[in-house]
Amino acid sequence: MMTRSEFVKACALFGIGLPFQGAMNACSEDSETPITAGDFDGSVLIVGAGAAGMATGYLLQQLGIDFQIVEADTTYGGRFRTNNEFTDFPIPLGAEWLHVSAEELPAIINDDQITVDTVLLPYSENDTSGYYSNGQLTIEAVGNAVNDDQDKKFIGSSWFDFFDTYIVPSIRNRMQFNTQIATIDYSGSKVIASDAEGQFYEADKIVVTVPLKLLQLGTVNFTPELPTNKQNAIADATVWSGIKIFLKFSEAFYPTFLYFDDSETNEGQRLYYDAAYGQNSADHILGLFSVGKQAEVYQQFSGDALRDYVLNELDEIFEGKASAVFQDILVQNWNDQAFAQAAYLADEAPSSISRRMAESVANKLYFAGCSYTQFADWSSVHTASRSARDAVRELVR
Ligand SMILES: Cc1cc2nc3c(=O)[nH]c(=O)nc-3n(C[C@H](O)[C@H](O)[C@H](O)COP(=O)(O)OP(=O)(O)OC[C@H]3O[C@@H](n4cnc5c(N)ncnc54)[C@H](O)[C@@H]3O)c2cc1C
């Protein structure tokens with residue numbers, strides 16, 4: 001059985017030279033059969049307004065199918081929300097890179113009449129890659145050949161802004177916030193869900209996009225219980241912890257990427273990177289992306305203690321420079337987010353987990369989301385969006 005990391009390597013990718021996960025489009029199994037209306041003309045309840053929930057609603061809207069999106073949080077976005085106050089460009093608190101070809105954006109929009117003007121920037125082979133090991137920092141040019149499928153940065157925008165511009169306008173009035181679904185009863189001819197306040201929602205079909213960690217924690221109760229193979233997939237899944245930290249400095253003293261011996265292991269990942277890369281900004285922002293066990297090291301701290309820990313780590317590498325030019329810090333600890341409580345399904349998980357999670361139940365209960373996919377690729381916005389396309393294709397049949 002292939003893990004996601006093995007899949008990435010099998011696709012002959014750049015490994016540790018650039019941000020992880022990238023460039024799976026070439027190996028993608030996404031058939032992209034056009035999404036056409038079938039016989040179904042009932043109603044659909046979508047649980048969650050992250051990438052998968054919004055993409056599902058948007059496609060149902062295109063097909064003229066009645067739907068409603070219920071979201072536990074105060075607004076939409078889920079794990080690709082941004083911060084627009086820290087600096088003069090959007091800071092992606094979760095999803096940051098497009099890991100596949102730019103063709104993915106029009107595929108999400110699914111409308112040839114709409115031109116995408118989102119600006120994406122791939123990395124250049126002249127960018128610098130630092131490696132800190134045994135007390136020594138080595139910096140060299142990234143040097144990898146740049147190809148179409150390589151990780152790209154959103155310039156002056158973000159994954160959130162892309163959805164906000166192209167997807168949200170046509171579904172805005174179908175989204176209801178502050179509505180946490182607690183029970184889903186699919187035993188009858190209709191699906192009946194209830195929220196934490198005891199309100200009921202009825203539909204012919206339901207699409208669940210609740211993050212896998214929250215299913216593991218039992219935050220949604222299903223009647224009848226989910227099939228055993230799905231319950232086993234939920235129980236067996238390793239869901240990685242996750243944190244992102246952004247540091248503002250008065251000057252840039254760091255390479256484009258900074259790696260460590262433990263930057264990519266079976267248990268997690270971490271890397272510092274120039275978060276202002278390509279942005280039209282005078283601010284110098286260094287990002288830290290960390291998931292899995294590596295993230296849990298940072299998550300032991302918070303507030304000033306976390307700031308000091310990170311500055312000490314950087315001072316050791318850059319001979320005191322970090323604390324000398326430090327200005328500000330922004331932390332997003334995904335384990336502390338009530339409606340995520342983790343980052344995402346581990347790259348090392350067997351693909352059978354996300355495949356089993358993607359299977360529909362009783363022609364009424366569907367799963368869409370970054371961990372519920374038939375592809376050998378998971379835990380990203382493009383997989384969440386592809387899973388929505390698959391759920392809609394199946395649902396309208
Ligand atoms: C630190 C980090 C870095 C990442 N980097 C990248 C990257 O660079 N590129 C990339 O493509 N992807 C990246 N990802 C992954 C990407 O963010 C996710 O895969 C994607 O956003 C998940 O979309 P989703 O719709 O499946 O889930 P979510 O976005 O989590 O949406 C689920 C929604 O359901 C809501 N919800 C939860 N429980 C309930 C309930 N009971 N009732 C109603 N609503 C509920 C939640 O509030 C949420 O809005 C990153 C993620 C993290 C955490």
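Which residue in β20 is the bridge partner of Leu 258? The bridge partner of Leu 258 is Tyr 272 in β20. This is a predicted model, in which local features need pLDDT of at least 70, side-chain atom pairs count only at pLDDT 80 or more, and totals for chains, interfaces and linings use all residues. Residues are numbered from 1 along each chain as its sequence is written. Helices (H or I, at least four residues) and strands (E, at least two) are DSSP runs, numbered from the N terminus.

**Strands around β18**

- Strand β18 (residues 257-260) pairs with strand β20 (residues 268-274) through two bridges, and the two run antiparallel. Two strands pair if DSSP finds at least two bridges between them.
- β18 also pairs with strand β7 (residues 128-133), here in the parallel sense and over four bridges.
- Tyr 131 has Tyr 259 in β18 as its bridge partner.

**The five-stranded sheet**

- Five strands form an open sheet in the order β10-β2-β1-β14-β24, and their pairing is parallel.
- β10 (175-176) and β24 (365-367) are at the edges with a single partner strand each, so one side of each has no neighbour in the sheet.
- Helix α11 packs on this sheet and touches β1 (43-47), β14 (205-208) and β24. The direction of α11 makes about 155 degrees with that of β24.
- Strand β2 (residues 66-70) is joined to β10 by two bridges, and these strands run parallel.
- Ile 69 is opposite Met 175 in β10.

**Helix α2 with helix α11**

- Two packed helices are described by the angle between their axes and the distance between the axes.
- Helix α2 (residues 51-63) packs with helix α11 (residues 381-395) at an angle of about 40 degrees, and their axes are 8 Å apart. Axes are lines fitted to C-alpha atoms, for helices over the stretch in contact, and angles run from 0 to 180 degrees between N-to-C directions.
- That angle makes α2 oblique to α11. Angles under 35 degrees count as roughly parallel, over 145 as roughly antiparallel, 65 to 115 as roughly perpendicular and the rest as oblique.
- α2 passes α11 in a right-handed crossing. A crossing is right-handed if the near helix is turned clockwise from the far one by less than a right angle, and left-handed if anticlockwise.
- Residues of this contact include Ala 55 and Leu 59 of α2, and Ala 384 and Ala 388 of α11. Two residues are in contact if their C-beta atoms, placed from the backbone, lie within 7 Å.
- The residues of the contact of α2 with α11 divide into 10 nonpolar, three polar and one charged. Ala, Val, Leu, Ile, Met, Phe, Trp, Tyr, Cys and Pro count as nonpolar, Asp, Glu, Lys and Arg as charged, and the others, Gly among them, as polar.

**Helix α6 with helix α10**

- Helix α6 (residues 228-236) and helix α10 (residues 351-358) have axes 9 Å apart and pack at an angle of about 135 degrees. The two helices are therefore oblique to each other.
- The crossing of α6 past α10 is left-handed.
- Asn 229, Lys 230, Ala 233 and Asp 236 of α6 meet Ile 353, Arg 356 and Met 357 of α10. The residues of this contact are three nonpolar, one polar and three charged.

**Backbone details**

- Most residues other than glycine have a negative phi, and most peptide bonds are trans.
- Gln 341 is not a glycine, yet has a positive phi of about 60 degrees. Gln 341 lies in the loop between β22 (326-333) and β23 (344-345).
- Thr 223 and Pro 224 are joined by a cis peptide bond, with omega about -10 degrees. Pro 224 is in the loop between β15 (221-223) and α6.
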